[in-house]
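Student: Could you walk me through this model? I would like to start with the overall picture and then go into detail.
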Amino acid sequence: MKSNTINKLEIAKFSKIAAEWWSPNGKFKPLHKFNPIRIKYLKENIIEHFKLKQTNSPLKGLNILDIGCGGGLLSEPITRLGAKVTAIDASKKNIQVAKFHAKKNKLKINYICASPETLKIKKKFDVIFCMGVLYHRRDPIDMLKELKAGLNRGGEVILDTLIIEGNDEVALTPIRYAKMKNVYFIPTLKALLNWIEKAKFSDVEFIGKRYTTTNEQRKTEWIDGESLESFLNKDETKTIEGYEPPLRCYLKLKY
Ligand SMILES: C[S@@+](CC[C@H](N)C(=O)[O-])C[C@H]1O[C@@H](n2cnc3c(N)ncnc32)[C@H](O)[C@@H]1O
């Protein structure tokens, strides 16, 4: 397995701010704000997908993998819903923070410092979350293949990644995007769907897309210590490099 795909810059950046993961008014404020909405969606979606009962622990019996888990903002609430969660992040410090926080909250989560291509467990998962990681990979199709390889038959991947608008099957390959040096490919939805087809998922469902606004993106995971205003132009129609502003897309990939 390859190990050279872990983006060192990305890991260093997140390690530096790891302690702030759990501060609702810190650098991850937007994630904290958005978290209840996405947890509600994920819970309802998983219940429907696996035809589960609405109980206090509706996800009991499911094995879930959270890739790029950061401090555990997704892993913790999903564990509280009864799922057995394995959560990986390439940053050692993030995993340390996540472990510490879970222990404090008496939650059993299998945190591992790894990337999908270096993960040495044979177990497969019913659901895999891959949120905010794909655009940091130099080999996005390989990553999609790794996601599929980690799924049980009948399982699903919830993918959240950046896209650009457009009807062509192309991807942006910026030197820097919104000041980040570690963004490799930002595809159109069509190009992303081609990558997904190459990874041989049986079906894909479009959940939605949303622009990140300055309102909700102050001092965030995007740029350590800088607000969105500093990497968008004045009227917020372009990044300071002249690219489209950050547009996140949510997809469900089935196997
Ligand atoms: C934007 S954050 C998303 C955090 C979390 N998924 C969420 O949505 O709340 C990206 C995370 O992915 C991790 N990461 C980046 N590249 C990775 C890779 N190749 N393998 C595993 N984790 C990675 C970073 O360390 C960081 O914690």
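Predicted model: local features only at pLDDT ≥ 70, side-chain atom pairs only at ≥ 80, totals over all residues.

Tutor: Residues are numbered from 1 along each chain as its sequence is written.

Student: How many helices and strands does the protein have?

Tutor: There are 6 helices and 9 strands, taken as DSSP runs numbered from the N terminus (helices H or I, at least four residues; strands E, at least two).

Student: And what percentage of the residues is buried?

Tutor: Of the 255 residues, 38% are buried. A residue is buried if 20 or more other C-beta atoms lie within 10 Å of its own, with C-beta atoms placed from the backbone.

Student: Is strand β2 enclosed or open?

Tutor: Strand β2 (residues 84-89) has 5 of its 6 residues buried, so it is largely enclosed by the rest of the structure.

Student: Which strands pair with β2?

Tutor: Strand β1 (residues 63-67) runs parallel to β2 and is joined to it by 5 bridges; Asn63 stands opposite Lys84. Strand β3 (residues 110-113) also pairs with β2 in the parallel sense, over 4 bridges, and there Ile88 has Ile112 as its bridge partner. Two strands pair if DSSP finds at least two bridges between them.

Student: What handedness does the unit of β2, helix α4 and β3 have?

Tutor: β2, helix α4 (residues 92-104) and β3 form a right-handed β-α-β unit. Right-handed means that, with the strands pointing away from the viewer, the path from the first strand over the helix to the second runs clockwise.

Student: Changing topic, which residues have the most contacts inside the largest nonpolar core?

Tutor: They are Ile128, Cys130 and Ile186, in a core of 61 residues. Such a core is a set of buried Ala, Val, Leu, Ile, Met, Phe, Trp, Tyr and Cys residues joined through C-beta atoms within 7 Å.

Student: What does Ile128 touch?

Tutor: Leaving aside neighbours within four places in sequence, Ile128 is in contact with Leu65, Ile67, Leu147, Gly150, Leu151 and Val157. Contact means C-beta atoms, placed from the backbone, within 7 Å.

Student: Leu147 is in helix α5, so which residues of α5 are buried?

Tutor: In α5 (residues 140-149), they are Pro140, Met143, Leu144, Glu146 and Leu147. Seen down the helix axis, the buried residues of α5 fall within an arc of 155°, so they line one face; the arc is that of the directions from the axis to the C-beta atoms.

Student: Where does that face pack?

Tutor: The buried residues of α5 pack against β4 (125-131), β5 (151-163) and α6 (189-198).

Notes: Buried ≥ 20, exposed ≤ 12 C-beta atoms within 10 Å, placed from the backbone. Contact = placed C-beta atoms within 7 Å.
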